[in-house]
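Please keep the sequence and the 3D view open while going through them.

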Number of protein chains: 2
Amino acid sequence: MTNITQLRCINCSRTYQPRPGFYTCPICGSTDGILDVEYDYDYINKYISKKSLAGNREPSMWRYRPFLPVAQEGPLPPLRVGWSPLYRSGRLGAELGLKELYIKDDGINPTGSLKDRPSAVAVARALAEGAGVVACSSTGNAASSLAGAAASVGLKAVIFVPGRAPQGKVAQLLIFGATVISVQGSYEDAFRLSAAAIEEHGWYNRNAAINPYLVEGKKTACLEVAEQLQWEVPDWVVLSVGDGCTMAGAWKAWVDLKKAGWIEKLPRMLGVQAEGCCPITRAFREGTRVRPMEENTLADSIAVGVPRNPEKALRAVRDSRGTMINVSDEEILAAMRVLGRTSGVFGEPAGVAGTAGLIKAVREGIIKPEERVVVLVTGNGLKDVANAIKAAGEPIRVAPSLEALHKALGDLKLPNYGWGYVPEPRLAERR
Amino acid sequence: MTNITQLRCINCSRTYQPRPGFYTCPICGSTDGILDVEYDYDYINKYISKKSLAGNREPSMWRYRPFLPVAQEGPLPPLRVGWSPLYRSGRLGAELGLKELYIKDDGINPTGSLKDRPSAVAVARALAEGAGVVACSSTGNAASSLAGAAASVGLKAVIFVPGRAPQGKVAQLLIFGATVISVQGSYEDAFRLSAAAIEEHGWYNRNAAINPYLVEGKKTACLEVAEQLQWEVPDWVVLSVGDGCTMAGAWKAWVDLKKAGWIEKLPRMLGVQAEGCCPITRAFREGTRVRPMEENTLADSIAVGVPRNPEKALRAVRDSRGTMINVSDEEILAAMRVLGRTSGVFGEPAGVAGTAGLIKAVREGIIKPEERVVVLVTGNGLKDVANAIKAAGEPIRVAPSLEALHKALGDLKLPNYGWGYVPEPRLAERR
């Protein structure tokens, strides 16, 4: 793996060489001693270029393999992750008064979320390191993506969930053949037991807060944005923030591309948290360290009251001259509807929190009409149908007769056939 | 649209020219007078070739536009539909004793099912014909795919559902901004009211049984299989059968490719129905016309007791020298587990009924070990979490302590790190 020069502690700046089972700075400890992956950009530029990508038909994140912390040869997990579509959203843009708005739909990944990207990296590294088991504690997208990726290569996944985890989410893990340990206690109990068991057995550790390679997997979402925009850097990249790792990964993409000499400027990052659980926004605004907070939002995938790795995210927002913003649950549900209606994209609440933040940021003047904006939709709406029901409203109930239908439709003013409907130009193009 | 020569009635062989609002043979009527789309293959071969496809980076069904009944220029709906991955499933193949098994995962489509393909064609045609409204009656994948595709271009979708339609499925339609008419009556009531309203208003009709162009959209799944296998035709194509339109579409792909001179041989088609609702299997075996049957299976997307267009499907199976097979609900749930565990693909019950049928067909000697087999997974498991729970089994419950975990894991014989795990060769490659 000659593309990595070293791992650097973001706290003390000490550097280390990658080795199996090594995740955090031993001096600063597993809470503070988060590592950053540093690359040899000359090496990368030998193996990949804008031109080589233009001729590369691989529709997955592995088209950027030289930018990734995986073996540069040998097997990769086969599930097709990434190269998700970037839609130009003319109608939502017009409603918001934005000239150029793009939506990146990561809900189409194999298990339905952006987390398929870091999980693919975790499984690729586990294969390369000869690990027989990959493990994590999660009830959400990290768990399902890890279980799916592990199943695709025949690795054993061990996943720790709290006793109260929803049956549907546990079912998905079991379908993928994962060993699911239901810890009869809180999420914290499940996390602690998983950490002890991973340590004891030496299983491959897929916890985004600890494992420095996972942020690199997340990075591929924005490597794709850059290529899909033909290397014209947007003014803003907007996304929801839970533990902060996705923000860290999204920013790392632009930093890597700049260091490699592929782009000139950097975008500003807008991070969006839920009002009911916004420890990173609070720390950003107050300029303090992150303190724990209650988890009081329906956007469960970003309800992280004790983010274990917020520093990289805070650094990303600050370094980019970006900002953090909060949205209410009502604004999140409204964003589900707006996004679905204007774009045909159905996101889960946490997945569309970025869109809700975008809408608010435009109204507050943070984002200007002439700026080019990309918003990430990070998870599929099918992941959380219960909240879709809350957002959706009610159908029109009619008795089974044309008379009843006429009466009900009277107010809707639906066009008849042949009205000569002409779609708006550039209604919603795909890049 | 000069690639279409004519529409031909499959009952009386009369031919017609396509025109707006024309769906079935007026002589034979809307039940028997189903039309087949016939192409000018010389025209097609002028605009597309194996070589041009090899250089085409478009990762969607529209890479086959000259083979499709849409305007050959002008706007297409932007949601990225198709070019779904084809996985070589070494582990499932090995378990079944099959030398060469491929899984086509259509659950990754924008709204989670193969139905996104015909709905994209419907919306493209509605745009071309200047229709302002598209309509159908459905509670399932046809409805959600139509609502999503319509939203992506700003067309109005009107969808008729029976009063008992599950709230979650209705919610998805509402999120996409569809006008959902909840008909207080049976599915048959909803269907009849939709037909009357479509007729009255002249809305664009997206009912697969009536609209001859939808089968053409479904065809793209197998056009992709052919290209992904580098034009080496498989011995068998296996898929689940509900109303029969997907079978008709899958077969049409191979027929078109042969008529266009792209392939020499044709595959055999294996259609799979649920034991509790198998009117097409019964008709195939008895050599009779299809008679109505109860809908007694948990695989709701193929629970079609009164298939409105079974003739094309029956013709496909017969012409291909294929066969029909039934599977029980237990076999379907078992297939969900087997597919998830061996491949990392999570399908809904109807989506994996084909896999269940494959397993049975191998056991019964219908499919031979040395034959090359492709099985379609037609819908995402997230569409039906309730049945995933039924299939999944239970997690391992432990108290939050290492001692409890040791005891629980004792029997599992999980490998520690460093056992030198080596993945099987060709474990699950992607083509």
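1. In this predicted model, the crossing formed by α10(B) and α12(B) is a left-handed one.

2. Which residues bring α10(B) and α12(B) together? From α10(B) come Met247(B), Ala248(B) and Trp251(B), and these meet Lys312(B), Ala313(B), Ala316(B), Val317(B) and Asp319(B) in α12(B). Sorted by class, the residues of the contact of α10(B) with α12(B) comprise six nonpolar, no polar and two charged.

3. Helix α10(B), which covers residues 245-259, also packs with α9(B), residues 214-228 of chain B, and here the axes come within 7 Å and cross at roughly 55 degrees. The two helices α9(B) and α10(B) are therefore oblique to each other, and the crossing of this pair is right-handed, whereas that of α10(B) and α12(B) is left-handed.

4. The contact of α9(B) with α10(B) draws on Val215(B), Glu216(B), Lys218(B), Lys219(B), Cys222(B), Leu223(B), Val225(B) and Ala226(B) from α9(B), while the residues they meet in α10(B) include Cys245(B), Ala248(B), Lys252(B), Trp254(B) and Leu257(B). By class, the contact of α9(B) with α10(B) holds eleven nonpolar, two polar and five charged residues.

5. In chain A, helix α5(A), residues 116-128, packs with α9(A), residues 214-228, at an angle of about 130 degrees, their axes being 7 Å apart. That makes α5(A) oblique to α9(A), and the crossing of α5(A) and α9(A) is right-handed. On the α5(A) side the contact is made by Arg117(A), Pro118(A), Val121(A) and Ala122(A), and on the α9(A) side by Leu214(A), Gly217(A), Lys218(A), Thr220(A), Ala221(A) and Glu224(A). In terms of class, the contact of α5(A) with α9(A) has five nonpolar, two polar and three charged residues.

6. Where in chain A does Gly276(A) lie? Its place is the loop between β11 (268-274) and α11 (279-286) of chain A. With neighbours within four places in sequence set aside, Gly276(A) is in contact with Glu294(A), Glu295(A) and Asn296(A). Gly276(A) and Thr297(A), although 21 residues apart in sequence, are 5.1 Å apart in space when taken C-alpha to C-alpha.

7. An unreviewed UniProt entry carries the annotation "domain: Tryptophan synthase beta chain-like PALP" for residues 81-379 of chain A. Over residues 81-379 of chain A, the chain is 45% helix and 17% strand, with the end C-alpha atoms 13 Å apart.

8. As to how the two chains are related, chain B can be laid on chain A with an RMSD of 0.0 Å by a turn of 180 degrees and a shift of 0.0 Å along the axis. That is the relation of a two-fold axis. Of the interface residues of chain B, 99% are also interface residues in chain A, so the copies meet through the same surface.

Methods. Residues numbered from 1 in each chain as written. Chains lettered and ligands numbered in written order. Predicted model: local features only at pLDDT ≥ 70, side-chain atom pairs only at ≥ 80, totals over all residues. Heavy atoms only, no water. Axes fitted to C-alpha atoms, helices over the stretch in contact; angles between N-to-C directions. Helix = DSSP H or I, 4+ residues; strand = E, 2+ residues; numbered from the N terminus. Parallel < 35°, antiparallel > 145°, perpendicular 65-115°, else oblique. Left-handed = near helix turned anticlockwise from the far one by under 90°. Contact = heavy atoms within 4.5 Å. Nonpolar A, V, L, I, M, F, W, Y, C, P; charged D, E, K, R; others polar. UniProt positions renumbered as here; feature names shortened; annotations may be inferred. Least-squares fit on C-alpha atoms with pLDDT ≥ 70 in both.
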